Amino acid sequence: MRHLPAPSLSFLCDMELTVESGHLPGKTPIGNRRIIRVTGGSLRGDLLTAEVVPGGDDWITVREDGTIIQDVRILLRTEDSELIMMTYRGIRTGKPEVLKRLDNNEEVNPDEYYFRTAPVFETASEKYDWLNRRLFVSRGIRLPGKVNYSIYTVD
């Protein structure tokens, strides 16, 4: 069996999302749920610059151990007025005391917890069609009132 080398990553953009306080539907058969409304934000990179159209959501499932599973859907409008749909699933986990600090909206060093996502882009734009045909990963940091990500293309 042939062993292939690990793929490399290329920086795509940094993304900042501003968010509302969570809506808390409570514990369902799936888990403890939180719904976070995305109120705005932006992406900045050499190949992709866009604003986040307000109104997206992060449907979060909180596991028994405090691990958060994200399910996010947002709409982007590029600087040249093209629309791009972006979804991502992610995971944020760490030691219980670190997760408690994050839940209390404290700023926590991102090296103290694991926060990764797998963005997927979808667009009808010919200019940005290449986004439809690539895989992406990101590393995130939770900050008071917002979330920041650095997004990379898997080469």
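How many bridges join strand 6 to strand 7? The two strands run antiparallel and are joined by 10 bridges. Helices (H or I, at least four residues) and strands (E, at least two) are runs assigned by DSSP and numbered from the N terminus, and two strands are said to pair if DSSP finds at least two bridges between them. The structure is a predicted model, in which local features need pLDDT of at least 70 and side-chain atom pairs count only at pLDDT 80 or more, while totals for chains, interfaces and linings use all residues. Residues are numbered from 1 along each chain as its sequence is written, and side-chain values use heavy atoms, with hydrogens and water left out.

Strand 7 has two faces: Tyr 113, Phe 115, Thr 117, Pro 119 and Phe 121 make up the covered face, whereas Tyr 114, Arg 116, Ala 118, Val 120 and Glu 122 make up the uncovered one. Strand 7 also pairs with strand 8, in the antiparallel sense, over 2 bridges. Here Thr 117 has Ser 138 of strand 8 as its bridge partner.

Ser 138 belongs to strand 8, which spans residues 136-143. Accessibility is given as relative accessible area, found with a 1.4 Å probe on protein chains only; a residue is buried under 20%, exposed over 50% and partly exposed in between. Ser 138 counts as buried because its relative accessible area is 4%. The side chains of Ser 138 and Thr 117 are joined by a polar contact of 2.3 Å. A polar contact is a pair of N or O atoms within 3.5 Å; within protein, one atom must be able to donate a hydrogen and the other to accept it, and residues adjacent in sequence count only if both atoms are side-chain atoms. Contact in general means heavy atoms within 4.5 Å. With neighbours within four places in sequence left aside, Ser 138 is in contact with Phe 115, Arg 116, Thr 117, Pro 119, Tyr 149, Ser 150 and Ile 151.

Ile 151 is in strand 9, where it stands opposite Cys 13. Strand 1 (residues 9-19) and strand 9 (residues 146-154) run antiparallel and are joined by 9 bridges. Strand 1 is also joined to strand 3 (residues 32-44) by 6 bridges, again with the strands running antiparallel. In this second pairing, Met 15 has Leu 43 of strand 3 as its bridge partner.

Several residues in loops were also examined. Thr 49, in the loop between strand 3 and strand 4, has a relative accessibility of 16% and therefore counts as buried. Its side chain reaches the backbone oxygen of Gly 45 at 3.1 Å. Apart from residues up to four places away in sequence, Thr 49 touches Leu 43, Arg 44, Thr 78 and Glu 79. Gly 145 is found in the loop between strand 8 and strand 9 and is partly exposed, with a relative accessible area of 33%. Gly 145 and Leu 17 are 128 residues apart along the chain, and their C-alpha atoms are separated by 8.7 Å. Leu 17 is among the residues that Gly 145 touches, together with Thr 18, Val 19 and Asn 105, when residues up to four places away in sequence are not counted.

Most residues other than glycine have a negative phi. Asn 105, in the loop between helix 1 and strand 7, has a positive phi of about 65° and is partly exposed at 36% relative accessible area. Ser 81, in the loop between strand 5 and strand 6, has a positive phi near 70°; at 53% relative accessibility, Ser 81 counts as exposed.

The largest pocket has a volume of about 440 Å³. Among its 24 lining residues, Val 19, Arg 34, Ile 36, Ile 60 and Arg 142 are the closest to its centre. On a 1 Å grid over the protein atoms alone, a pocket is an open set of points where a 1.4 Å probe fits, with protein on both sides within 12 Å along at least five of seven lines, and lining residues have an atom within 4 Å of a point. Grid points are joined across faces, edges and corners, and the volume is the space filled by probe spheres set on the points. The lining divides into 13 nonpolar, 5 polar and 6 charged residues. Ala, Val, Leu, Ile, Met, Phe, Trp, Tyr, Cys and Pro count as nonpolar, Asp, Glu, Lys and Arg as charged, and the others, Gly among them, as polar.
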